[in-house]
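Open the structure in your viewer and keep the selection tool at hand. The stops below say what to select and what is there.

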Amino acid sequence: MERFRLTPRAYQRVTLAALVALAFIVVTGAAVRLTASGLGCPNWPTCDDGRIVAPLEYHAMVEFVNRVVTGLVSVAVMLAVLGSLVRRPRRRDLTWLSLGLVAGVIGQIVLGGLVVLFHLYPPLVMGHFVLSMLLLLDATVLHHRAGLPDAGIDRPAVGSEQLVLGRLLVATASVAILLGTVVTGSGPHAGSRDGELVERLPFDVGDVARIHSLSVLLFVGVTLFLARSLHVAGAPAPLQQRVRVLLGVLLLQAGVGYAQYFTGVPALLVGVHVLGAVAVWIATLRVVLGMRVRAATGRVLAMSA
């Protein structure tokens, strides 16, 4: 192991690859549901009739390809762990965060198997997505911290008001995402092919969609208030840029959400909405992470963009 060493910059690239892979699997997982292929492989860990490889049938192949992607994501996560061990200098925080990715992926594999075995039971599908968001949280923090100097003290780059707004930002984002899973669990895209009965949540999709939209509006309001507060306080320019990026992605996401609601929830727009949720979540986390900088010998280092 000592023969192989990674520079901090090289390891940061490894963590970026893991983050991209984890974001990608969220989108491919949604594609399985939106193509009604959730039970294309009705067994787990095999596909059907003891076969590992799916038969040449559309729904089975879609589900099987997603399982293959999960394997590739697992490789990316393992590289993040191994990379933390050969990075020089080695840092304990990076090792623990990378091990958190391993634990999360194992949890996703087990939960994904339960989703199949219990025929796409909505609370399990919702839990699968929520765990994906937690994995993205871990991966985003890992990538951020991998880019920090190895020595120094973390200090706030903003005042106490902005720090409180940052916590509120994450809270409102989390509520909006969670309510989004309730809409999904109540909506028309159950994830199975025609003729297969999959249980749905006992809520009117229009009612829960309106509640979800209210949570998004609250999220947008907090984002706007934070942007103004940072501007008035003269916060670092990179941090203000991160908030502007979040606001732009969030407004696009809200537009897609309203479009899919008024057009009968077409599968393509739902897929775009899932991709948007991933982008919004990562952008939110980047804003909060940017509120602290690493200082050395009493001097605050410039925050990376």
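The tour covers salt bridges and then a pair of packed helices.

**Before selecting anything**

Keep in mind that this is a predicted model. Side chains of opposite charge can pair when their charged atoms come close. How many salt bridges does a search of the whole structure find? The search gives eight, and three of them are visited here, starting with arginine 87.

**Stop 1: arginine 87 and aspartate 150**

Select arginine 87 and aspartate 150, which form a salt bridge whose closest N and O atoms are 2.8 Å apart.

**Stop 2: arginine 91 and aspartate 93**

Now select arginine 91 and aspartate 93. The closest N and O atoms of this salt bridge are 2.9 Å apart. Arginine 91 is buried because its relative accessible area, 8%, is under the 20% limit. Aspartate 93, at 23% relative accessibility, counts as partly exposed.

**Stop 3: aspartate 207 and arginine 210**

Move to helix H6 (residues 205–233), which holds both aspartate 207 and arginine 210. They are three residues apart, about one turn of the helix. Their salt bridge has its closest N and O atoms 2.6 Å apart. Both partners are partly exposed: arginine 210 has a relative accessible area of 43%, and aspartate 207 is at 40% relative accessibility.

**Stop 4: the network**

Select Arg87, Arg91, Asp93, Arg145, Asp150, Asp154 and Arg294 together. Salt bridges with shared partners join these residues into one network.

**Stop 5: helices H3 and H4**

How are they arranged? Their axes are 9 Å apart, and the helices pack at an angle of about 165°. That angle is over 145 degrees, so H3 is roughly antiparallel to H4. The crossing of H3 past H4 is left-handed. Colour the contact by residue class: there are 15 nonpolar, nine polar and three charged residues.

Note on methods. Residues numbered from 1 in each chain as written. Predicted model: local features only at pLDDT ≥ 70, side-chain atom pairs only at ≥ 80, totals over all residues. Heavy atoms only, no water. Salt bridge = Lys/Arg side-chain N within 4 Å of Asp/Glu carboxyl O. Buried < 20%, exposed > 50% of the residue type's maximum accessible area, 1.4 Å probe, protein only. Helix = DSSP H or I, 4+ residues; strand = E, 2+ residues; numbered from the N terminus. Axes fitted to C-alpha atoms, helices over the stretch in contact; angles between N-to-C directions. Parallel < 35°, antiparallel > 145°, perpendicular 65-115°, else oblique. Left-handed = near helix turned anticlockwise from the far one by under 90°. Nonpolar A, V, L, I, M, F, W, Y, C, P; charged D, E, K, R; others polar.
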